[in-house]
Amino acid sequence: MKKAYRRKYLVDSSYQFSQAGAVIAANVLVALLMAGLLSWFYLLEWNGNLVYDHNRRIPIYILTLILIVTLGTTLLSLRRSRIIAGMIKKLHSVLSDAGQGILPERAIRFRRSDYFGQLAVPLNRCLERLRHREAREDALLTALHEIAARAERQPADNPELLRDLQAVIARFA
């Protein structure tokens, strides 16, 4: 039975909230400029003899529009920033583990919607190269142990060679 997966919209809250904050600030700036422009147009048209009845509703319309646009763009910003934040968080986790010598058993895959999903190919090549290098080092160390064991069983003409060999093994073990 497959475990139910619940989508998290807040993957890296500090990044995502700063992204949303930038979007909100831009929306507020545009809304203030729009309100100033609209009020300027009405001041040009206002005549002491003429009263516009719909002027009373304009601020309510503007505030409603500001709230709708700000809420919509904030949600869109959080959703889109999740695409980047989720991938970077996974990349950080894989590289942290690899730095400690824990290589993933399977190839790394990102979601189709991730912007930088093409990073999976070079990352997987790098991890495969690390696995190959680790296997070669293990094989080399095993071979050196075998040579040292043979050298101990058979008296060698050069005891310094055995010491040097054991020093190399100690350095890599």
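Student: Does Glu 128 count as buried, partly exposed or exposed, and what is the relative accessibility behind that?

Tutor: This is a predicted model, and the values are computed from its atoms. A residue is called buried under 20% relative accessible area and exposed over 50%, with partly exposed in between. Glu 128 has 46% relative accessibility, so it counts as partly exposed.

Student: Where is Glu 128 placed in the chain?

Tutor: Glu 128 belongs to helix α3. Its C-alpha lies 9.6 Å from that of Pro 104, a residue 24 places away in sequence.

Student: Which side chain does Glu 128 meet in a salt bridge?

Tutor: In general, side chains of opposite charge can pair when their charged atoms come close. Here the partner of Glu 128 is Arg 131, at 3.0 Å from N to O. The two residues are three apart in helix α3, which is about one turn of the helix. Arg 131 has a relative accessible area of 25%, so it is partly exposed as well. The structure holds one salt bridge.

Student: How many helices and strands does the chain have?

Tutor: There are four helices and zero strands. Along the sequence the pattern reads α-α-α-α.

Student: How much confidence does the predictor give the chain, as pLDDT?

Tutor: The general idea is a caution: where pLDDT is low, the predicted coordinates should not be read in detail. In this chain the average pLDDT is 79, and 83% of the residues score at least 70.

Student: Which residues form the largest nonpolar core?

Tutor: To read a core, look for buried nonpolar residues joined through their side-chain atoms. The largest one here has 10 residues: Met 87, Leu 91, Val 94, Ala 98, Leu 103, Ile 108, Phe 110, Ala 120, Leu 123 and Leu 127. Two elements, α2 (58-99) and α3 (120-153), each give two or more residues to this core. The most come from α2, which gives four.

Student: What is Ile 108 in contact with, leaving aside its neighbours within four places in sequence?

Tutor: Ile 108 is in contact with Lys 90, Val 94, Ala 120, Leu 123, Asn 124 and Leu 127. There is also a second, separate core of five residues, including Leu 141, Ala 148, Leu 165 and Ile 169.

Student: Is Leu 141 buried or exposed?

Tutor: Leu 141, which is in helix α3, has a relative accessible area of 15%, so it is buried. Leu 141 and Ile 169 are 28 residues apart along the chain, and their C-alpha atoms are separated by 6.6 Å.

Student: What share of contacts join residues at least 24 apart in sequence?

Tutor: Taking contacts between residues at least 6 apart in sequence, 69% join residues at least 24 apart.

Student: What makes up the accessible surface of the chain?

Tutor: The accessible surface comes to about 14,100 Å², and 62% of it belongs to carbon and sulfur atoms. Of the 173 residues, 20% are buried.

Student: Which residues make a nonpolar patch on that surface?

Tutor: Ile 24, Val 28 and Leu 32 make a nonpolar surface patch of about 240 Å². Val 28 is in helix α1 (residues 13-45). With a relative accessible area of 36%, Val 28 is partly exposed.

Note on methods
Residues numbered from 1 in each chain as written. Predicted model: local features only at pLDDT ≥ 70, side-chain atom pairs only at ≥ 80, totals over all residues. Heavy atoms only, no water. Patch = residues over 30% accessible without salt bridge, like charges linked within 9 Å, V, L, I, M, F, W, Y side chains within 5 Å. Areas by Shrake-Rupley, 256 points an atom, 1.4 Å probe, with all protein chains shown as cover. Salt bridge = Lys/Arg side-chain N within 4 Å of Asp/Glu carboxyl O. Buried < 20%, exposed > 50% of the residue type's maximum accessible area, 1.4 Å probe, protein only. Core = buried A, V, L, I, M, F, W, Y, C linked by side-chain atoms within 4.5 Å. Contact = heavy atoms within 4.5 Å. pLDDT = per-residue confidence, 0-100.
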